Amino acid sequence: MSTEIVAELGKRSAIPLQIRLMPWEQAYLAAQRARKPASTRPRASKSQRLFPGSARSPPNQWVLISNSDFAGSVKAVEGRAQVPVGVVARDAKIEFLMSKGVTDLREVSEDGLNPPRLVLGRDDPNRIDLWATSATARARPQRVRR
């Protein structure tokens with residue numbers, strides 16, 4: 001959604017933009033290399049300190065998605081410490097989940113790689129039971145019939 005907003009702002013302001021999509025971790029590292037010195041304003045948000053000059057992004061609701069055979073509840077993060085959770089590397093959801101006691105985080109380079117991991121066999125080391133993603137994520141798991 002943020003990319004679409006930036007593209008629209010560029011269009012409305014007649015500023016030519018060149019937007020290149022890349023996996024989150026690669027984009028994060030590139031932005032870190034290109035950033036200006038961090039803000040010294042005490043009330044600046046973490047993202048504003050990391051990426052000064054960036055606009056405040058729209059609210060982003062996070063969700064946990066499971067396969068239909070998941071025995072637990074996905075209504076609360078607490079109590080999910082030993083459940084394998086698929087996340088994107090260097091994503092803010094990792095820090096949040098860790099603060100809630102979730103310890104079995106399985107990182108991938110991009111969100112679209114997680115849905116197929118929900119349906120892998122129980123003995124597959126790449127299987128995840130939960131997928132932590134944005135409620136507005138484009139990649140959505142397909143219902144799999146067995």
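A salt bridge is a side-chain nitrogen of Lys or Arg within 4 Å of a carboxyl oxygen of Asp or Glu. The exercises below apply this to a predicted model.

**Exercise 1.** Follow Asp129 to its salt bridge with Arg127, and state which residues belong to the network.

Solution. 
- Step 1. The side chains of Asp129 and Arg127 also meet in a salt bridge, at 3.1 Å from N to O.
- Step 2. Arg127 has a relative accessible area of 5% and is therefore buried.
- Step 3. Through salt bridges with shared partners, Asp69, Arg122, Arg127 and Asp129 form one network.
- Step 4. For the structure as a whole, the number of salt bridges is six.

**Exercise 2.** Where do Arg12 and Glu8 lie, and how many residues apart are they?

Solution. 
- Step 1. Both residues are in helix 1, which covers residues 2-12.
- Step 2. They are four residues apart, about one turn of the helix.
- Step 3. Arg12 is exposed at 68% relative accessibility, whereas Glu8, at 31%, is partly exposed.

**Exercise 3.** Locate Asp111 and state which side chain it joins in a polar contact.

Solution. 
- Step 1. Asp111 sits in the loop between strand 3 (105-108) and strand 4.
- Step 2. Its relative accessible area is 18%; the limit for buried is under 20%, so Asp111 is buried.
- Step 3. The side chain of Asp111 makes a polar contact of 2.8 Å with that of Trp131.
- Step 4. Gly86 is 25 residues from Asp111 in sequence, and their C-alpha atoms are 8.5 Å apart.

**Exercise 4.** How many residues make up the largest nonpolar core, and which elements give two or more residues to it?

Solution. 
- Step 1. The core has twelve residues, among them Leu64, Phe70, Val85, Ile94, Leu130 and Ala132.
- Step 2. Strand 2 (85-88), helix 4 (92-99) and strand 4 (130-134) each give two or more residues to this core.
- Step 3. As a general point, nonpolar side chains in soluble globular proteins tend to be buried together.

Notes: Residues numbered from 1 in each chain as written. Predicted model: local features only at pLDDT ≥ 70, side-chain atom pairs only at ≥ 80, totals over all residues. Heavy atoms only, no water. Core = buried A, V, L, I, M, F, W, Y, C linked by side-chain atoms within 4.5 Å. Buried < 20%, exposed > 50% of the residue type's maximum accessible area, 1.4 Å probe, protein only. Polar contact = N/O pair within 3.5 Å; in protein donor to acceptor, adjacent residues only side chain to side chain.
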